[in-house]
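Hi everyone, thanks for coming. Have a look at the picture on the screen, and I'll talk you through it.

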Amino acid sequence: MSWVTKTFNSSLGRKLIMALTGLFLVIFLIGHVTGNLLLFKDDGGQAFNEYADFMTTNQFVQILSITTYLSVILHVVYSIVLTSMNKKARPIGYNQVNPPKESSWNSRNMGILGTFILIFLVVHLQGFWYQMHWGDMPKVTYDGVVYKDLFEIVVFAFQQEWLVALYVISMILLGFHLYHGFESAFQTLGLNHKKYTPAIQFVGRAFAIVVPALFASMPLYIYFTLN
Amino acid sequence: MNLTLKIWRQKNHKDKGGFVDYKVSGISTDMSFLEMLDVLNEQLSEKGEDPVHFDHDCREGICGMCSLYINGHPHGPQQTTTCQLHMRSFADGDTITIEPWRAAGFPVMKDLITDRSAFDRIQQAGGYVSVNTGGVPDANEIPIPKLIADEAFDAATCIGCGACVAACKNASAMLFVSAKISQLALLPQGQVERKERAEKMVAQMDAEGFGACTNTGACSAECPKGISLTNIARMNREYFSAVVSSENT
Amino acid sequence: MILDSKIPAGPIAEKWTKHKFNMKLVNPANKRKYDVIVVGTGLAGASAAASLAELGYNVKAFCFQDSPRRAHSIAAQGGINAAKNYQNDGDSIYRLFYDTVKGGDYRAREGNVYRLAEVSVNIIDQCVAQGVPFAREYGGLLANRSFGGAQVSRTFYARGQTGQQLLLGAYSALSRQVANGKVKLYPRTEMMDIVNVEGKTRGIITRNLITGAIEKHSAHAVLLCTGGYGNVFFLSTNAMGSNVTAAWRAHKKGALFANPCYTQIHPTCIPVSGDHQSKLTLMSESLRNDGRVWVPKTVELAQKLRKKEIKPSDIKDEDRDYYLERRYPSFGNLVPRDVASRNAKYVCDEGRGVNETGEAVFLDFRDAIQRDGEDLVRSKYGNLFDMYQQITGDNPYKQPMMIYPAVHYTMGGLWVDYNLMTNVPGLYALGEANFSDHGANRLGASALMQGLADGYFVIPYTIGDYLAGMPYDKVSTDHPEFQKAEKEIKDKIQKLLTINGSKTIDHFHKRLGKIMWEYCGMARTAEGLQKAKGMIKELKAEFWKDVKVIGTNDELNQSLEKAHRVADFIELGELMVDDALHRNESCGGHFREEYQTEDGEALRDDENFAYVGAWKFVGEGVEEELHKEELKFEEVKLTQRSYK
C-alpha cells in the first residue's frame with residue numbers, strides 16, 4: 001500500500017477527508033447563500049435568473065460545481081465508512097448511557113443530522129438543480145436574451161406549505177450540523193490553539209446560525225410576500 | 001443505605017453474559033464504590049456463589065486498573081476513578097447499573113474485567129524515546145521551558161484506564177493515544193523519533209479496532225485526569241505532518 | 001551459615017568503581033544465549049528488564065496486573081532523591097549517603113548505601129532522557145525541593161505523581177524492548193514458586209490468571225522485583241494486589257528473609273472510617289509543613305467530638321493539645337515519620353482520638369489559612385485537599401483534617417549481597433523486595449531512588465559477573481525439579497479449593513491484619529508479640545481447615561488468587577513477630593516499648609543488635625533459624641537520634 005492510500009485508509013485520514021470536504025461545503029454555502037440573496041431583489045427575478053444562468057454556464061463555476069459534487073459524495077461516502085468502522089468498534093452496546101453534558105447532542109448525532117440533510121438535498125436538487133439543467137423550464141427574456149425562468153419555479157415551489165416547512169426544518173438541522181461541524185473540522189485538521197480556537201468557535205457558531213437562517217428566510221419571504 | 005445492583009455477569013470471554021440483580025444493605029456513605037462491591041462479594045462468597053470479578057489495585061486513583069461503567073458513565077457520575085467514587089454520590093434505594101467497558105479493543109474476560117492490553121501494544125508501537133540505560137547527557141543539559149514541560153505533564157498524567165474509550169460513542173482511543181504522542185512531541189527528547197512515533201502509534205491504534213473521533217468531547221469530560229482535547233488536535237497535526245514529510249513511502 | 005555481603009574492600013568512594021572493574025563480563029555476542037526472568041514490573045522490575053534486554057539478554061517479564069504500567073510504584077507521590085547538588089546548597093554523594101545511613105537508624109550496610117547515593121545522579125539523567133516531565137524552574141532547568149525534613153533540596157518531583165511518571169518512563173523503556181522482541185511480557189501472571197536445580201535458581205512456576213494454566217519457565221537467573229509486604233496488615237497504603245508470595249516462595253526454597261520486622265508507618269494517612277475499609281490512602285507528608293497536629297486536652301471533649309455533639313472549631317485554643325509542638329519544641333510538627341506516628345497512637349490510646357473510631361488526630365490548617373490566606377494554602381495543597389474531600393466528604397478548608405498513621409513501606413525483605421543476589425545462586429531481589437539499603441527506616445523520596453538504582457545501574461553489571469560463570473545450556477522445563485514444583489503447586493491449589501470451609505478469605509486476612517497491627521505495629525512488647533505468635537499459629541491452622549475458596553482453577557478466579565496470597569501472609573506474619581521479638585532494642589521502624597529513652601525515644605542497642613537478622617526456613621512447623629550479618633560502620637559514627 002502506498003503511503004497515500006495508507007493515510008486515507010487510516011482513521012485520521014478518513015477524518016481528514018470529512019473535515020476538508022466539510023470545510024469546502026462551508027465555502028460553497030457562502031457562495032450559494034450570497035447569490036440566492038438576489039431573490040430578495042424586487043425586480044421580478046431578473047437578477048436572480050441572470051445569476052442562475054451564470055452559475056450554470058460559466059466554466060470556472062463549472063469546475064467549482066464539480067468539486068462541490070465530489071465533496072458531497074466524499075463527505076457522504078466517508079461518513080458511511082467511518083460510521084461502520086465506529087459501529088464495529090463497539091459490537092456490544094451499553095444498557096444505559098448517560099453522556100456528559102459537555103458533549104452536545106448534535107456532536108453525537110452528526111450522522112442522523114447528515115442523513116436528513118442528504119434527504120433534503122435530494123429533494124432540493126430534484127426541485128431546482130435538475131430542473132435548471134434538464135427540466136422543461138419556462139423562459140423569460142431580458143434585453144433580448146432568453147433566460148430560463150428559475151425564479152418562476154422557485155416562487156411556484158414555495159407556494160406549497162409543506163415544502164416551505166421542509167426547507168425551514170432542514171435549515172434548522174443544517175444549523176445544528178454546522179454548529180458542531182465547523183469547529184470540529186478545525187480540530188480534526190489539528191488547528192486547535194488557545195489563541196485562535198475561541199475565534200474559530202465564534203465564527204463557526206455565528207455561521208451555523210446566520211447562514212441557515214438566511215436560507216430559511218427565502219422560502220418564508222416568498223411564501224408570505226409573493227403569494 | 002440499601003441498594004439494588006444490576007451487574008453484568010459473564011463467565012468468560014466466550015460466554016454470552018447477562019445482567020443479574022443483587023441487593024445490598026447497610027452500605028455506609030463513607031464507603032468507596034469498590035468497598036460497596038467488596039460487601040456484595042463477601043455476601044456472595046459466604047453463600048458459596050462466585051464473587052463479582054472486577055479489576056482494581058491501588059484504590060487511590062492512580063494505577064488505572066479499576067474500570068466499571070456505572071449508571072451510564074465510565075467510573076460513575078463523578079469525574080474520578082471508580083476507586084475514588086464514594087457512596088455518598090448515591091441515594092438510599094437507588095438502582096445502580098454496572099457494566100464493563102464496551103469496545104472491540106477491550107474484550108470482556110470475565111464479569112466486569114476487560115483486556116486492555118491493546119493500550120500496551122500501542123505504547124510498544126512507539127510510545128518511548130529510544131535511549132539505552134547509561135550514556136545519556138546530564139539532566140540539566142536539556143533545558144525545557146516551564147510552560148512546555150507543564151503541558152507535557154498534563155498529557156503525561158494519563159493513567160491508561162480506558163475511560164475515554166468507554167465514554168466515546170465510537171469507542172475511539174484517540175484521547176489516550178494523543179496524550180502519549182503529545183507528551184513526547186512537546187518535549188525536546190521526543191523530537192528525533194517524532195514522525196515515526198505518530199505514524200506507528202496511529203497505525204497500531206487502528207489495527208486494534210478502535211473507532212474514529214467525532215470530536216464530541218465525551219472522552220475528556222469523563223477522563224478522571226481531565227486530559228484535554230487539544231491533545232487530539234496535536235496528534236492529528238503530528239500525524240498529518242508526519243505522513244507528508246517522513247521518509248516512509 | 002556465614003553471610004558474606006561481598007562488600008568490596010577499599011575506601012568507600014571507590015568500592016563500586018573497583019567492583020565494576022573486577023566483575024567478569026559477558027561477551028556481547030554471548031548475551032543472547034542467556035535467559036533472565038524478571039518478576040514484577042514496578043520501578044525495579046521494569047528498569048531491570050529494559051536494561052538487561054538492551055544489553056542483549058533474553059528477558060521474560062511477569063506481572064499480576066493487566067499491564068506492567070500499573071505496578072504500585074505508580075502510587076508514590078513525593079519525589080526521588082539524587083545527590084545532584086543543582087541547588088548549590090551543600091549536597092553531595094557523601095551527604096546523601098550519610099543522611100540515609102543515619103535516617104535508617106544505623107541498621108543499613110554502608111557499602112550499599114554509598115553506591116545508592118553514587119548512582120542516584122545517573123537515575124535523574126536517565127529519566128529525563130526518557131522524557132519524564134520533572135518539575136522545572138522558569139529558566140528551563142530542573143526544580144528541587146526539600147523533603148521529609150532533609151536539610152538540603154535534593155528531591156526531584158513531578159507534581160504529586162513522581163512515582164507515576166518514573167514508572168511510565170521505565171515502562172516506556174520496557175515497551176521498546178518488547179517491540180524489539182527482547183522482552184516477552186506476561187501480564188496477569190502470578191509467580192507461584194521458584195525452581196532450583198543443583199543449588200541454583202533456574203526458573204519459576206507461574207499461574208496464568210485468566211486461564212488458570214500452570215506454566216513452567218526456565219532461565220539462567222531469576223530477579224524478584226515484587227515489592228513489599230505491607231498488606232500483611234490488611235490495611236496499608238499498598239495496592240490491593242501487593243503481596244509477599246514471590247518473596248515468600250523464594251524464602252521457602254532457601255533464600256533468607258532479612259529484618260522482616262522493620263515496618264514504616266506513615267503518620268499522615270486518612271483514618272479508617274469503618275469495618276468496610278479496604279485500604280488506606282496516604283496524604284503527602286508535605287502537609288505537616290503548614291498543618292498543626294492536635295487533639296483535645298481532655299477525654300471528655302474527645303468523646304463529645306466523637307458523638308458529634310461539638311465541632312472541632314468549638315474547642316478553644318487552651319483546650320487543645322498541640323502535642324508534637326509541646327513535646328518536640330524544635331522540630332514540632334516536622335518530627336520524623338516514626339515519631340509522629342507513635343505519638344498519634346499514644347494520644348489515641350489515652351482516649352483522645354477525634355473520630356468515631358477514636359483513631360484519628362487533627363491536622364489543622366486554620367492558622368495557616370489565617371496567616372497566608374486560603375488562596376496560598378490552596379496553591380500549595382489544593383490537590384491534596386480535594387483528594388481528602390473526595391474520600392471523606394469533609395472540607396478541610398473549613399474544618400481540620402483528620403489523620404492517622406498507616407503501614408506504608410517495609411524495609412525488610414529477601415537478604416541480598418552487594419550484587420543483589422540472595423544466598424541462593426542465580427536468585428536476585430531488587431527494590432522493596434530486598435532488605436538492603438534503608439536499614440531500619442526509610443527516608444522520604446528514597447524508595448523510588450532505590451528501585452531505579454537497582455534496576456538501571458546495579459543489576460546490569462552484577463548479573464554479568466554471575467552469568468559469565470554459567471554454561472549456556474538451558475534447563476528443560478521437563479526437568480524433575482520443575483515437575484516437582486509444578487505438582488506441589490497444583491496440589492496446593494487443589495487443597496485450597498477443596499477445604500470448602502465456612503469463612504471467606506478476607507475474614508482471615510482481616511483477622512491477621514488486626515493481630516499484626518495490634519501487636520506488631522507501631523509499638524511492640526515482648527508480651528504482646530508472644531501472644532500474637534500464638535494467635536497467628538491458631539489462625540493458620542484455622543485457615544487451612546475452614547477457609548472457603550470459590551470456583552475452580554481453570555478460570556479467572558480472584559478468590560483463589562487471594563487465598564494463595566493470604567496463606568503466605570499468615571506465614572510471613574509469624575516470622576515478623578519472631579523477628580520483632582528477638583530484636584531487643586528499638587530502632588527506626590521497630591519500636592519495642594521496653595527499649596526507650598526517658599523521653600520515649602527509640603533506644604538502640606548497638607552492642608548487641610548492630611546486625612542484619614536473616615531468617616532461614618528449615619521446615620514446616622519448625623522455628624526458623626536466625627543468621628546474623630554483622631554491620632560495620634567505618635564512615636558514619638553511631639549516635640542517638642534526637643528531635644527535641
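Let's begin where chain A meets chain B: 36 residues of chain A and 41 residues of chain B take part in that contact. Everything I say today is about a predicted model, so please keep that in mind. On the chain A side, the elements that give two or more residues are α1 (3–9), α2, α4 (59–88), α5 (105–108) and α8 (161–188). Which of them gives the largest share? That is α2(A), with five residues. If you sort this side of chain A by residue type, you get 15 nonpolar, 15 polar and six charged.

Now let's stay with chain A for a moment. Its secondary structure consists of nine helices and two strands. Read from the N terminus, the order is α-α-α-α-α-α-β-β-α-α-α, so you can follow it along on the screen. The C-alpha trace of chain A spans about 60 × 40 × 40 Å along its principal axes. Chain A has 227 residues, and 28% of them count as buried.

We already saw α2 of chain A at the contact with chain B, where it supplies five residues. Inside chain A, that helix, residues 11–36, also packs with helix α9, residues 197–225. Two packed helices are described by the angle between their axes and the distance between the axes. Here the angle is about 35° and the axes are 10 Å apart. The crossing of α2(A) and α9(A) is left-handed. From α2(A), the contact uses L29(A), V33(A) and N36(A), and from α9(A) it uses V211(A), L214(A), F215(A) and M218(A). By type, these residues divide into six nonpolar, one polar and no charged.

On to the other interface. Two pairs of chains are in contact, and chains B and C share the most contacts. Chain C brings 63 residues to this one and chain B brings 67. On the side of chain C that touches chain B, the elements that each supply at least two residues are α3 (43–55), α5 (110–130), α6 (162–179), α12 (374–392), α13 (447–467) and α17 (558–582). Which one gives the most? It's α6(C), with nine residues. This side of chain C has 24 nonpolar, 26 polar and 13 charged residues. And what about chains A and C? No contact joins them, and their closest C-alpha atoms lie 20 Å apart.

Next, the cores. In soluble globular proteins, nonpolar side chains tend to be buried together. The largest nonpolar core in this model has 307 residues, and V36(C), A49(C), L223(C), L224(C), V361(C), L414(C) and Y428(C) have the most contacts inside it. Let's zoom in on Y428(C). Leaving aside neighbours within four places in sequence, its contacts include A221(C), L223(C), L224(C), V416(C) and I459(C). There is also a second, separate core of ten residues, including L39(A), L150(A), F158(A) and Y223(A).

Now for two residues in chain C with an interesting backbone. Most residues other than glycine have a negative phi, and most peptide bonds are trans. N85(C) is not a glycine, yet it has a positive phi of about 55°. You'll find N85(C) in the loop between β3 (80–81) and α4 (93–103) of chain C. R159(C) is not a glycine either, and its phi is positive at about 45°. R159(C) lies in the loop between β4 (155–156) and α6 of chain C.

One more stop in chain C: D546(C), in helix α16, residues 526–546. With 14 C-beta neighbours inside 10 Å, D546(C) counts as partly exposed. Beyond its neighbours within four places in sequence, D546(C) is in contact with G501(C), S502(C) and K503(C). D546(C) and L52(C) are 494 residues apart along the chain, and their C-alpha atoms are separated by 45 Å.

Finally, how confident is the predictor? Chain C has a mean pLDDT of 95, and 100% of its residues reach 70 or more. For the complex, the predictor gives an ipTM of 0.98 and a pTM of 0.96.

Definitions and conventions: Residues are numbered from 1 along each chain as its sequence is written. Chains are lettered from A and ligands numbered from 1 in the order in which they are written. This is a predicted model: local features need pLDDT of at least 70, side-chain atom pairs count only at pLDDT 80 or more; totals for chains, interfaces and linings use all residues. Helices (H or I, at least four residues) and strands (E, at least two) are DSSP runs, numbered from the N terminus. A residue is buried if 20 or more other C-beta atoms lie within 10 Å of its own, exposed if 12 or fewer, and partly exposed in between; C-beta atoms are placed from the backbone. Two residues are in contact if their C-beta atoms, placed from the backbone, lie within 7 Å. Ala, Val, Leu, Ile, Met, Phe, Trp, Tyr, Cys and Pro count as nonpolar, Asp, Glu, Lys and Arg as charged, and the others, Gly among them, as polar. A nonpolar core is a set of buried Ala, Val, Leu, Ile, Met, Phe, Trp, Tyr and Cys residues joined through C-beta atoms within 7 Å. pLDDT is the predictor's confidence in each residue, from 0 to 100. Axes are lines fitted to C-alpha atoms, for helices over the stretch in contact, and angles run from 0 to 180 degrees between N-to-C directions. A crossing is left-handed if the near helix is turned anticlockwise from the far one by less than a right angle, and right-handed if clockwise.
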